[in-house]
Amino acid sequence: MSVGESSSSSHWGAFRVSRDGLVSPRPGDPDPSPLLGNILAQRHRARVARPSIRRRSAGRGYDSYEEIAWDDALDLVAEALRETREQHGDNAIFGGSYGWASAGRFHHAQSQLHRFLALGGGYTRSRNTYSLGASEVVLPHIVGKRGTYGVLWQSTDWPVIAEQTDLIVAFGGLRLSTTDVTPGGRATHTVRSQLAAAKARVVSVSPLRDDLPAGRGEWLPIRPGTDVALMFALAHQLIADGRADLDFLDRYTVGGDRFVDSVRSRTPAWAAEICGIPAERIVALAREMAAGRTFVAVSWSLQRAPHGEQPLWAGIALAAVLGQIGLPGGGFGHGYGSTGNTGGGRLPYGLPTFPQVLNPVNDFIPVAKIADLLLSPGEEFDYDGGRHTYPDVKLVYWAGGNPFHHHQDLNRLRRAFQRPSTVIVHEPFWTATARHADIVLPVTTTLERDDLGISHGDTHLVAMQKAFEPYGEARDEYDIFGALAQRLGYERAFTQGRTSDEWLRHLYDRWRAAPKKPFDEFWADGEMEAPGRRDDAVLFADFRDGQALDTPSGRIELYSSTVAGFGYADCPGYPDFFAPGEKAYPLVLICNQPRSRLHSQLDMGAFSQAGKRSGREPVRLNPGDAAARGIADGDVVLVRNDVGSVLAGAVLSEDCAPGVAQLSTGAWWDSSAPEVATCVHGNPNAVTADVGTSRLAQGCTGQVTWVEISRFEGAPPPVVAYDPPVGS
Ligand SMILES: Nc1nc2c(c(=O)[nH]1)N[C@H]1C(S)=C(S)[C@@H](COP(=O)(O)OP(=O)(O)OC[C@H]3O[C@@H](n4cnc5c(=O)[nH]c(N)nc54)[C@H](O)[C@@H]3O)O[C@H]1N2
Ligand SMILES: Nc1nc2c(c(=O)[nH]1)N[C@H]1C(S)=C(S)[C@@H](COP(=O)(O)OP(=O)(O)OC[C@H]3O[C@@H](n4cnc5c(=O)[nH]c(N)nc54)[C@H](O)[C@@H]3O)O[C@H]1N2
Ligand SMILES: [Mo]
């Protein structure tokens, strides 16, 4: 590193900050992410400068804030926690606090909060993720717990695919902008080069053409929500052609015979009607799949939708019919265009993370049931074969997430957030969630503290070095929780007597990576190559070689008597096709991940702002659909349905299949003109429905909704989402 330069990292990659405060990519990253263009917005005026409390006049989400001294704010928070525990019990505190927070293993907001709350008596938590809600619950029934870990976090590595695979059939595509991001960051972006180097032909089955880089393969536009029909028809054709691997089904699966029977009537002609892909194209694709080494890739997005369990199960069934599961470059994979480290190697040791303690409270919610939890205390819900009860939550504590970005049906969530007695939020920024808190505590960003950056399978450990003094009076989460624990009488248990600096050295020293530089040398170099990394894994190779899965049968369960025993009509014990059904609105709205930022983070950053249209989030639609509605490129449009409405800037694009529109997530919710729209800026969760995938997983279904789009007449209201609600 040059003199005065500091090293840092983010979920979208490692970078350097010069003495003058300029950001440049980590020199060793061959394909750095353009999202680095947002980094300097960490110093934007939308920051929370001082602890703030809500002026209680209109209700959460409507009020302005008053700044107070740190000691007073900490006293208030400590008192609220003590009172809630004493009067209502530990499970009256909801500390799920879902969200991505920032890269950095020590100052990771949720790890800090969970350790703090667990040591104080516990908290109601959330299970699973918005990313993979359906997969995390259904996969263990299909391939067992270990198999699930393999599918989600190891999988077949890209170099193996690049060398061995003849055909990748990518349901949901292989979207490169999504692979910019890896939870925890990644020092080296390699998906683009590996996809370019792969010999395979790629068929992208997706509603959007640019879910695959231009020129890299064939686009098969599909009606969203109908992939299972296509998978069944492909399986049907393989069987009809005598190309199904019946030996594999017999030896390695249970329910293979049942599956073969069930797709007998699922002809290509049947599927064509449903999914919009011509029958002869389906027949030809099945034959191409049988002709060589074929990899069936299913993106995470497919399961973030109603009945999201099914594309997983049907995709595995299709790969099982091909019989190449466990062969190099064949079989099944999940999330290859969803994150930068799927198929991105593995390290033979864990990561240097902040240690957690056992949470003594057992109450939980499936993560996307947050509004139901707050609205319906005492009510029962189904989850993975169990019946559970929502506890009566009185205090919500959120650090490192933005539910008023990430949850569906934001108006309903706002109603839910009126219910608890106390809402506490830690945020660097005045996000929509901070604006629903009673007490907002300002926290530092990654540029304002030292930390360690690394993710699963990463190539390097990155020194994350403080480049700026904290903004305003912002503090590190560690210091905030230390001060609260001190007030509550368990400071020593929380800190173990270490300062932040001492923790960093401690985590580094006990980290199992070997060989390892001395800490000071690593810190001066700014990084250290992760020793012993490998990227030659083949998913389920050991299973094919005879090692049983940890399912009840030891095999892949294409029929699960466990799931069948739950008796859920919306998720039976085998893969099934559920038609999206008749909709009251004509356009499918794809609410995918933004290419210009991570979720709602740094939406005010230069790269995110450059992608806006007419000052709003761009909504893309097919030129034919636009013409039919008198919409021109650049028009401000109203996107609406029964849930709500949202303004956005129209972008006409042949990359959207007819009937498909696309509005990415993450524009900051702006509810300043409710007479015009639920959000005047472009957050799609103004119009998504708050329903789970099924009674099995109860996962997030925010990926798709159905809408009408029209030109907005007149002068649209200004976007004020980045203006802090502080002052008179
Ligand atoms: N419609 C629809 N909705 C979706 C999705 C979809 O496909 N469609 N996708 C879903 C998915 S997969 C996900 S993962 C979620 C993402 O939802 P979130 O993870 O909640 O979204 P982020 O914008 O990353 O929110 C992280 C917040 O943490 C704050 N933060 C950063 N660093 C720190 C820190 O050190 N301390 C504290 N206290 N705060 C910090 C940031 O400012 C930001 O406000 O969205 C979900 N929502
Ligand atoms: N740049 C950037 N990258 C990110 C993120 C981000 O916010 N920004 N978020 C990260 C997170 S938290 C996650 S969980 C992952 C998510 O990874 P994914 O879930 O894979 O990503 P999405 O962009 O939501 O969806 C990918 C594509 O799926 C297609 N799709 C949607 N519905 C259907 C369908 O019914 N059938 C078919 N065949 N295709 C469909 C859409 O065209 C969409 O572009 O991305 C990660 N990467
Ligand atoms: Mo996610």
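Visitor: What kind of model is this?
Guide: It is a predicted model.

Visitor: OK, cavities. How many are there of 30 Å³ or more?
Guide: The structure holds two of that size.

Visitor: Which residues line the largest cavity?
Guide: D31, L176, T179, D180, R186, T188, H189, T190, V191, R192 and G340.

Visitor: And by class?
Guide: Two are nonpolar, five polar and four charged.

Visitor: Which helices each supply at least two residues of that lining?
Guide: α5, residues 176–179, and α6, residues 191–197.

Visitor: Now the second largest cavity. What lines it?
Guide: A368, K369, H407, Q408, A689, D690, V691, G692, Q698, G699 and C700. That lining has four nonpolar, five polar and two charged residues.

Visitor: Which domains does that lining draw on?
Guide: Domain 1 and domain 3 each give at least three residues. Domain 1 covers 42–130 + 361–449 + 458–529, and domain 3 covers 587–711.

Visitor: On to rings. How many aromatic pairs are there?
Guide: The structure holds 39. One of them is F116 with Y490, which is stacked. The ring centres are 5.7 Å apart, with 25 degrees between the planes.

Visitor: Where do F116 and Y490 sit in the chain?
Guide: F116 is in helix α2, residues 109–119. Y490 is in the loop between α16 (477–488) and α17 (491–495). The two are 374 residues apart, so the pair links distant parts of the chain.

Visitor: Are those two buried or exposed, and why?
Guide: F116 counts as buried because its relative accessibility is 0%. Y490 has 13% relative accessibility, so it counts as buried too. The cut-off for buried is under 20%.

Visitor: What about F481 and F494?
Guide: F481 and F494 form an edge-to-face pair. The values are 6.3 Å centre to centre and 65 degrees between the planes. F481 lies in α16 and F494 in α17, so the pair ties together parts that are 13 residues apart in sequence.

Visitor: And how accessible are they?
Guide: F481 is at 0% relative accessibility and therefore counts as buried. F494 is buried as well, with a relative accessible area of 0%.

Visitor: Last topic. Which charges sit over rings?
Guide: The charged end of R115 sits over the ring of F354, 5.1 Å from the ring centre. F354 is one of the cluster residues. The charged end of R414 sits over the ring of Y62, 4.5 Å from the centre of that ring.

Terms used: Residues are numbered from 1 along each chain as its sequence is written. Chains are lettered from A and ligands numbered from 1 in the order in which they are written. This is a predicted model: local features need pLDDT of at least 70, side-chain atom pairs count only at pLDDT 80 or more; totals for chains, interfaces and linings use all residues. Side-chain values use heavy atoms; hydrogens and water are left out. On a 1 Å grid over the protein atoms alone, a cavity is a set of points where a 1.4 Å probe fits but cannot get out, and a pocket is an open set with protein on both sides within 12 Å along at least five of seven lines; lining residues have an atom within 4 Å of a point. Grid points are joined across faces, edges and corners, and a volume is the space filled by probe spheres set on the points. Helices (H or I, at least four residues) and strands (E, at least two) are DSSP runs, numbered from the N terminus. Ala, Val, Leu, Ile, Met, Phe, Trp, Tyr, Cys and Pro count as nonpolar, Asp, Glu, Lys and Arg as charged, and the others, Gly among them, as polar. Domain bounds come from an automatic or database domain assignment. Rings of Phe, Tyr and Trp (its six-membered ring) pair if their centres lie within 6.5 Å; planes under 30 degrees apart count as stacked, over 60 as edge-to-face and the rest as tilted. Buried means under 20% relative accessible area, exposed over 50%, partly exposed in between (1.4 Å probe, protein chains only). A charge sits over a ring if NZ of Lys or CZ of Arg is within 6 Å of the ring centre and within 35 degrees of the ring normal.
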